[in-house]
Each structure stands twice: as C-alpha cells, then as structure tokens.
Amino acid sequence: MTTTPTTSLPRHLTGNYAPVTDEVVATDLPVSGRLPEGLEGSFLRNGPNPASGRSAHWFSGDGMVHRLDLADGRALAYRNRFVQTATLTRGATTFDAEGRRDLTAGAANTHVIRHAGRLLALEETCLPYELTDELDTVGPIDFGGRLQTGFTAHPKLCPLTGELHAFAYGWTAPYLTYHVIDAAGQLVTSRDVEVPGSTMVHDVNLTERFVVFMDLPMVFDLALATAGAMPYRFDPSYGARLGVLRRDDPHGEVRWFEIDPCYVFHPVNAHDDGTTITIDVARYPELWTDPAAPATACLWRWTIDLERGTVTERQLDDRPCEFPRLDDRQVGLRARRAWTTTMPGASAEGAGGSITVHDLEALTSRTLHLGAGRVAGEAVFAPADDRPGGPGWLLAHLHDATTDRSEVIVLDADDVEAGPVATVHLPVRVPHGFHGSWLS
Ligand SMILES: [Fe+2]
C-alpha cells in the first residue's frame with residue numbers, strides 16, 4: 001500500500017486543515033467542567049472540507065456544517081453534514097458549458113445563519129443553500145427568481161428591523177450589487193453599486209441608518225483566474241474607498257470616502273449617531289503580497305464625519321486579531337464588547353491560538369492563550385438572558401495537536417482569561433473552518 005506523504009500537500013490540506021470523510025451523528029457527549037444550565041440551543045459552524053480530499057485553496061473546499069446541541073447542562077448530540085451543492089453532487093462550475101453563469105455552483109462553505117425561519121449555508125460566489133435542522137440540504141434559493149447574483153457569506157441581520165442586508169460581487173459588471181431581504185424572507189431591494197472595477201468584497205457594514213460598502217484593492221486578475229489560483233491580487237493603485245448608503249433611500253446615491261489602501265475581510269461592528277459613522281475592523285495593511293510572510297490583521301477604527309466629508313483612520317491595537325464577533329443583538333448598534341480569535345500562521349506551526357475580549361469603549365482587551373498546539377476557531381456569543389450586551393458565553397471549536405482531538409470550549413464571555421467553564425469532547429475531529437451561529 002502506498003500513501004501520499006503529507007509533506008507533499010499544501011498546508012490547507014494537512015494537520016487540522018485536512019478534511020474528514022465521514023458524516024456522523026453522536027449523542028450524549030462527554031463533558032469536562034460544567035455546562036451552564038441556561039445554555040440551551042445549537043452551535044453551528046461551517047467550513048471547507050473537500051470531499052475529494054483536494055482543493056486548490058483553503059477557501060474552495062466543499063462546505064461541511066457541524067452542529068452541537070446543548071440543553072440541561074448536557075451535550076445532547078453532535079452531527080456533521082456536507083452541503084450538497086451542485087458542485088459537489090454534479091460537478092457544476094461557475095460558468096457552464098455554454099459560458100453562462102451557474103449561480104448554484106459553489107462550495108457553500110463559509111457561514112451558516114438562520115433568517116426568516118430558514119437555515120442557510122452561505123458562500124459568496126453562489127446562491128444560499130437552505131438546510132434542514134438535521135443539516136440535510138434542501139437546495140439553493142434565489143428568492144423566487146429575484147436573486148440574480150451570488151450572495152455574501154456575511155449579510156448583516158438588523159436587530160431592529162429583522163432585515164438582512166447583503167450584497168454580491170462579480171468578475172464582470174455589475175461588480176457590486178446590494179440586496180435587502182425583509183424580515184419575512186422576501187428579497188425586497190436589489191440595486192447595482194457603481195465601483196471602478198472588480199474587487200473581492202467579503203463583508204459589509206451596517207448601522208441604524210446606513211450601509212457602508214468596502215471597495216478595497218484586492219483586484220480581480222484574469223491571469224491568476226486562468227491559472228486556477230485565487231484570482232485576486234493586492235493592487236494599491238486601485239485605491240480604497242468606503243461607500244455610504246442611507247438605509248431609508250436604498251436606491252439613492254452612494255457617497256464615497258477615500259481611505260488608505262488596505263484589506264478587511266471582517267468588520268467588528270459599526271454604529272452611527274446620524275452624522276458620524278464609527279466602524280471597527282480587522283485590517284490588513286496588505287494581503288497575500290508575500291507568500292512567505294503571513295498577513296496579519298489588527299484592530300482599526302474608521303470614523304466617517306458625514307458633515308465634514310472626512311474619514312479618520314486609527315489603529316486601536318497592535319496585536320493580531322481575526323474572526324471578530326459580538327452579541328448579534330448589537331449588530332449595527334453601539335456595542336462595548338467584541339471577541340476575536342487568532343490562529344497561528346504557517347511560520348508558527350505548533351504554537352497555540354488565543355481568544356480575546358475587547359472593550360471597544362475603554363480600548364482595553366484581555367486574552368486567553370490556549371496553550372501550545374491548541375487552536376480555536378471563531379468564538380460565537382451565546383446570550384445568557386434577553387439584555388443585549390448582557391452576560392453570556394462564548395463557544396468555539398478547538399483542536400489539540402498533541403491528541404489530534406477536537407473539542408467545543410465554553411467560556412464566560414466577560415472572563416475569557418479564566419479558561420473554559422466546560423469542554424465538550426467531540427467524537428470526531430472537526431477541521432478548522434470559518435463562521436457559525438448560536439441558535440437558541
Ligand atoms: Fe468571513
């Protein structure tokens with residue numbers, strides 16, 4: 001028998017980035033510590049898991065959703081399922097044989113959310129895929145034919161209106177399109193947003209009164225696309241700009257503000273007071289320019305003064321951060337707390353990850369270092385009561401390289417340094433992934 005030496009595989013297919021093959025259901029899982037009595041619900045997380053064992057890039061593996069159910073101080077069940085996309089089931093590609101765009105083609109691997117009663121697996125190049133609570137795939141949804149583009153993995157759910165504010169970007173014009181799904185799940189607004197070219201747009205900002213688009217210089221590169229690589233390269237000459245749209249005039253003018261070239265996958269949060277918009281982001285000074293030097297994001301704040309027509313840019317912290325999350329009930333509103341996670345880069349193999357709680361008003365932070373070989377993914381907030389900004393817990397998948405086992409850790413959201421109050425030991429390894437939701 002011959003096996004492929006793992007050293008020949010790229011990093012995104014080795015260690016805990018390596019995919020798993022089995023779909024499992026396991027019940028009554030062992031728990032260390034004590035699960036909070038009030039923590040009742042399901043923790044879902046999506047991530048790339050190439051069914052063939054191979055993918056060109058970490059971002060392109062087939063989506064697999066993992067679900068952990070908690071109630072009554074017990075870990076009731078774990079299950080994982082592939083998202084049965086058209087790409088996975090019948091090899092659909094972005095452009096079909098006739099050169100037409102196939103919006104069902106994609107990995108659906110980036111996020112999993114619930115909106116208007118539907119559970120959706122999201123990835124920015126394709127239509128949302130609806131899942132059942134058991135994680136079986138219902139199929140792609142195009143909102144009755146009204147969605148004519150892909151759909152971001154990071155729509156913003158307004159806690160005041162229940163609307164989902166989303167967008168899509170494309171290689172060909174229109175390069176950027178804005179969508180609003182109302183609280184009942186109907187697509188009620190779609191409009192083009194004019195930008196100079198095709199850039200990679202991963203996320204968007206929402207406040208009570210505004211949507212703020214990020215047109216940043218990760219520019220589409222046809223030569224890279226033709227070579228089968230990630231088709232975007234950092235090109236500061238493109239410039240960088242923030243586009244402000246009034247929510248009460250969704251087809252109105254987008255007002256652009258130039259900023260210094262940078263890249264942002266993930267904003268932390270944004271809020272406005274009518275004339276000033278404050279946006280906190282995990283900002284990369286540049287991205288993927290040097291394969292030997294891993295890109296690192298730090299916490300920055302952009303402040304847009306709509307009366308003066310200015311933007312100020314300010315670094316808030318000099319330590320790495322990614323996967324920012326907050327209490328979802330505060331999205332677009334002034335929020336004091338946010339949480340970020342760091343995963344060691346390729347140059348720090350074997351190092352441990354960390355989880356940080358940030359105070360966005362005092363501009364302080366406290367960090368839990370997870371220890372050598374222990375790496376957590378995005379930490380998702382689960383509220384303890386019905387007060388936005390109130391107490392709660394953080395849940396995160398964690399992989400321990402020394403045992404090659406996976407856990408879900410539960411932290412007190414305000415006291416992360418104390419370490420897990422409970423650890424759920426999973427029966428199978430869960431590869432590093434992207435984003436998820438707590439559904440209570
Ligand atoms: Fe993301």
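**Group meeting: strands, sheets and one arginine**

I will start with a sheet. Four strands make an open sheet, in the order β14-β15-β18-β19, and the pairing is antiparallel. At its edges are β14, residues 205-206, and β19, residues 255-259, and each of these pairs on one side only. Please keep in mind that this is a predicted model.

β14 and strand β15, which covers residues 210-215, run antiparallel and are joined by two bridges. If you want to find one of the contacts on the screen, look for Leu 206: its bridge partner in β15 is Val 211.

Next, another sheet. Here four strands form an open sheet in the order β6-β7-β8-β9, again with antiparallel pairing. Which strands stand at the edges? They are β6, residues 111-115, and β9, residues 137-140. Each has a single partner strand, so one side of each has no neighbour in the sheet. From one strand to the next, the twist averages 30°.

Inside this sheet, strand β7, residues 118-122, pairs with strand β8, residues 129-131. Three bridges connect them, in the antiparallel sense. On β7, you can look at Leu 120, which stands opposite Glu 130 in β8.

Let me step back to the whole chain. How many helices and strands does the protein chain have? There are two helices and 33 strands. Along the principal axes, the C-alpha atoms fill a box of roughly 55 × 55 × 45 Å.

Buried residues account for 45% of the 440 residues. As for contacts between residues at least 6 apart in sequence, 51% of them join residues at least 24 apart.

Where is Arg 334 placed? It sits in the loop between β24, residues 322-325, and β25, residues 337-342.

Arg 334 and Asp 273 are 61 residues apart along the chain, and their C-alpha atoms are separated by 9.3 Å.

That is the end of my part.

Definitions and conventions. Residues numbered from 1 in each chain as written. Predicted model: local features only at pLDDT ≥ 70, side-chain atom pairs only at ≥ 80, totals over all residues. Pairing = 2+ DSSP bridges. Buried ≥ 20, exposed ≤ 12 C-beta atoms within 10 Å, placed from the backbone. Contact = placed C-beta atoms within 7 Å. Axes fitted to C-alpha atoms, helices over the stretch in contact; angles between N-to-C directions.
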